[in-house]
Every structure is written in C-alpha cells, then in structure tokens.
Amino acid sequence: MSRNKKTKLELLLEILSDHQWHSGDELAAAVSWRFGAVIHDARGLGYLIETERHGQKFQYSLSRS
C-alpha cells in the first residue's frame, strides 16, 4: 500500500522551501490551524524557521542558514 497523503511537516516544509515569507493565515489554510505545533516540531528536528511580526500578524520563513 502506497502512502499518498503528506504529513503536516511535509506540507509545511514544502511551502517554506522557497525561503520567502508566508503568513500564518496561509500556513493555517495549507497545513492546519495548529501549524504552530508543526513549526515547533520542525525546529526540534533542526529546521531553522524564522518568525517576523507585521502589526498584529506573524510571518514565517525557512532560513537558508
């Protein structure tokens, strides 16, 4: 049996892999409304995900470092 469904971590990394800034709304729509937990897990695995605040909203980007 093949696995077709991507994990939330895979979805997050796929979006952030362009190293551009992405809004929380965008991540919530594509990953899950609990995308913050997925970011936490990714950071625990060694991925460097930056957070930047714009007014009342946050944006996220995968660091090239």
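**Helix packing, core and salt bridges in a predicted model**

L13 sits in helix 1. Helices (H or I, at least four residues) and strands (E, at least two) are DSSP runs, numbered from the N terminus. This is a predicted model, where local features need pLDDT of at least 70, side-chain atom pairs count only at pLDDT 80 or more, and totals for chains, interfaces and linings use all residues. Residues are numbered from 1 along each chain as its sequence is written, and side-chain values use heavy atoms, with hydrogens and water left out.

Reader: Is L13 buried or exposed?
Author: Buried means under 20% relative accessible area, exposed over 50%, partly exposed in between (1.4 Å probe, protein chains only). L13 has 16% relative accessibility, so L13 counts as buried.

Reader: How are helix 1 and helix 3 oriented to each other?
Author: Axes are lines fitted to C-alpha atoms, for helices over the stretch in contact, and angles run from 0 to 180 degrees between N-to-C directions. The axes of helix 1 (residues 8-16) and helix 3 (residues 35-44) come within 10 Å and cross at roughly 85°. Angles under 35 degrees count as roughly parallel, over 145 as roughly antiparallel, 65 to 115 as roughly perpendicular and the rest as oblique. Helix 1 and helix 3 are therefore roughly perpendicular.

Reader: Which residues of helix 3 meet helix 1, and what classes make up the contact of the two helices?
Author: Contact means heavy atoms within 4.5 Å. K8, L9 and L12 in helix 1 meet V38, I39 and A42 in helix 3. Ala, Val, Leu, Ile, Met, Phe, Trp, Tyr, Cys and Pro count as nonpolar, Asp, Glu, Lys and Arg as charged, and the others, Gly among them, as polar. By class, the contact of helix 1 with helix 3 has 5 nonpolar, no polar and 1 charged residues.

Reader: What is I15 in contact with, leaving aside its neighbours within four places in sequence?
Author: I15 belongs to the largest nonpolar core. With those neighbours left aside, its contacts are H22, E26, L27, A30 and V31.

Reader: How many salt bridges are there?
Author: A salt bridge is a side-chain nitrogen of Lys or Arg within 4 Å of a carboxyl oxygen of Asp or Glu. E14 and K6 form one, at 2.2 Å, N to O. K57 and D25 also pair, their closest N and O atoms being 3.0 Å apart. The count by this rule is 2.

Reader: How far apart in sequence are the parts that K57 and D25 tie together?
Author: At 49% relative accessibility, K57 counts as partly exposed. D25, at 51%, counts as exposed. K57 lies in strand 3 and D25 in helix 2 (residues 24-30), so the parts tied together are apart in sequence by 32 residues.

Notes: A nonpolar core is a set of buried Ala, Val, Leu, Ile, Met, Phe, Trp, Tyr and Cys residues joined through side-chain atoms within 4.5 Å.
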